[in-house]
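Please keep the sequence and the structure in view while reading the points below.

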Amino acid sequence: MKINPPGKFSNTFLLISAFIIVSLILWNTNSFFRKFKEEERHKMEIWATAQSELLRSSENQELGTLHLKVLQRNTTTPMILVNADGSVKINNMPKVSPEDSTRIQDKIRDFQAENKPIQIDYQNEHLATLYYGNSEVLNKLKYYPIALLLIILLFGAVIFFFFKTNKVSEQNKLWAGMAKETAHQIGTPLTSLLGWNELLKSEAVNPRITSEIEKDIGRLQTITERFSQIGSMPKLESRDIVAETKNAFEYLQTRSSRLVTFTFHTKVESAKVSLNESLYHWTIENLVKNGIDAMKGKGEVSIEILQGNQCVNILVCDTGHGIPRKQFQEIFNPGFTTKKRGWGLGLSLVKRIVEEYHQGKIKVLSSGKEGTVMQLSFKTLS
């Protein structure tokens, strides 16, 4: 089944069009560079002809004004004239001294690499050799394609990140819409369950049964509340994060397999932070359940709370198989999962809850064969 073929076609068309435009610009620039270089070659040949007339003329012979103008007007092209007797004359090279023979030879080699020397001869007699380099304008034009490519790459990067951000924004809206719709769909049967449970109480049913039903209904209400808050800014209250972490952790401990060992340790008695209790419990549950899945239902899960610099750090540790270092950031992307069955939403929601709603931080502190340590950081209230 084809999904969004028009969008795929338009992206391919834009990519091909951009490639063709860049190729045409580079080709045109290269063509202009070659043409400009040929024009400069013609100019230097005219200068060499005028110089030939000067070398052939006697001291008393007057040289025409045209030749003098040709020799005087060339003020941009660096050149070195080596006469047949070995004497050297330089022009348009203010930083090079005629007495510095080593520098002169280096420049001659550079000029030979840039342009073919012009031999000045007259009636089979060699008068001089003209070595010349590229003018300042030509040198700038030579680097123009590189600057153009950098600009195009920068522009392309801006467009890429724009579309990527836009795509992530659309995904976030989709997940938020799905979450709210889920909360709405759960709400209807949940209200019915409350009514049925009250009816069971009036029928003198074993109180233990109705009590357990009430717990499950309360759990469903919590889940509904969590999903309803996704996509909108939740209400934050001053809470003791140590007590809230312990409550969420112990709730999971009572409902998990006995093959999993739970350990809770804190070096902080209490720490007040701006917190949404429901969403924070969801965060802890997601991290612990991910750890249990990584251990394949057998191992040790622990939480350690440490005091940081104007913040409190919660370390969620497991003894699972670990996460490859290259996936430390990727695991928080929506849709990314290493499980055969999974939507890849758990850690992306955790990141959103921690960083966007609570202005905290989450990261993989360490991971290896011994297990994984996830760190949550929240600013404490003064």
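## Briefing on the structure

Helix H3 (residues 101-114) lies across strand E1 (79-83), E2 and E4, and runs at about 110° to E1. Helices (H or I, at least four residues) and strands (E, at least two) are DSSP runs, numbered from the N terminus. Axes are lines fitted to C-alpha atoms, for helices over the stretch in contact, and angles run from 0 to 180 degrees between N-to-C directions. This is a predicted model, in which local features need pLDDT of at least 70 and side-chain atom pairs count only at pLDDT 80 or more, while totals for chains, interfaces and linings use all residues. Residues are numbered from 1 along each chain as its sequence is written, and side-chain values use heavy atoms, with hydrogens and water left out.

**Overall composition**

- The protein has eight helices and 11 strands.
- Of its 382 residues, 34% are buried; buried means under 20% relative accessible area, exposed over 50%, and partly exposed in between (1.4 Å probe, protein chains only).
- Among contacts (heavy atoms within 4.5 Å) between residues at least 6 apart in sequence, 67% join residues at least 24 apart.
- The protein exposes about 25000 Å², and carbon and sulfur atoms supply 57% of this area, as given by the Shrake-Rupley method with a 1.4 Å probe; for residues, only the protein chains shown count as cover.

**The four-stranded sheet**

- Four strands form an open sheet in the order E2-E1-E4-E3, with antiparallel pairing; two strands pair if DSSP finds at least two bridges between them.
- Strand E2 (88-91) and strand E3 (118-122) are the edge strands, each pairing on one side only.
- Neighbouring strands of this sheet are turned by 20° against each other on average, direction ignored.
- E3 and strand E4 (residues 125-132) run antiparallel and are joined by five bridges.
- Asp121 stands opposite His126 in E4.

**Nonpolar cores**

- The largest nonpolar core has 34 residues, and those with the most contacts inside it are Ile241, Val288, Ile314 and Phe378. Such a core is a set of buried Ala, Val, Leu, Ile, Met, Phe, Trp, Tyr and Cys residues joined through side-chain atoms within 4.5 Å.
- Apart from its neighbours within four places in sequence, Val288 is in contact with Phe249, Leu252, Phe262, Val301 and Val316.
- A second, separate core of 13 residues includes Leu71, Met79, Leu130 and Tyr132.

**Salt bridges**

- The whole structure contains 10 salt bridges, each a side-chain nitrogen of Lys or Arg within 4 Å of a carboxyl oxygen of Asp or Glu.
- Glu214 is partly exposed at 37% relative accessible area, and Lys201 is partly exposed at 35%.
- A salt bridge also joins the side chains of Glu237 and Lys235 (3.9 Å, N to O); Glu237 is partly exposed at 34%, whereas Lys235 is exposed at 62%.
- Glu277 forms a salt bridge with Arg239, their closest N and O atoms being 3.3 Å apart. Glu277 lies in helix H7 (residues 277-294) and Arg239 in strand E5 (residues 237-240), so the pair ties together parts that are 38 residues apart in sequence.
- Salt bridges that share partners join Lys235, Glu237, Arg239, Glu244 and Glu277 into one network.
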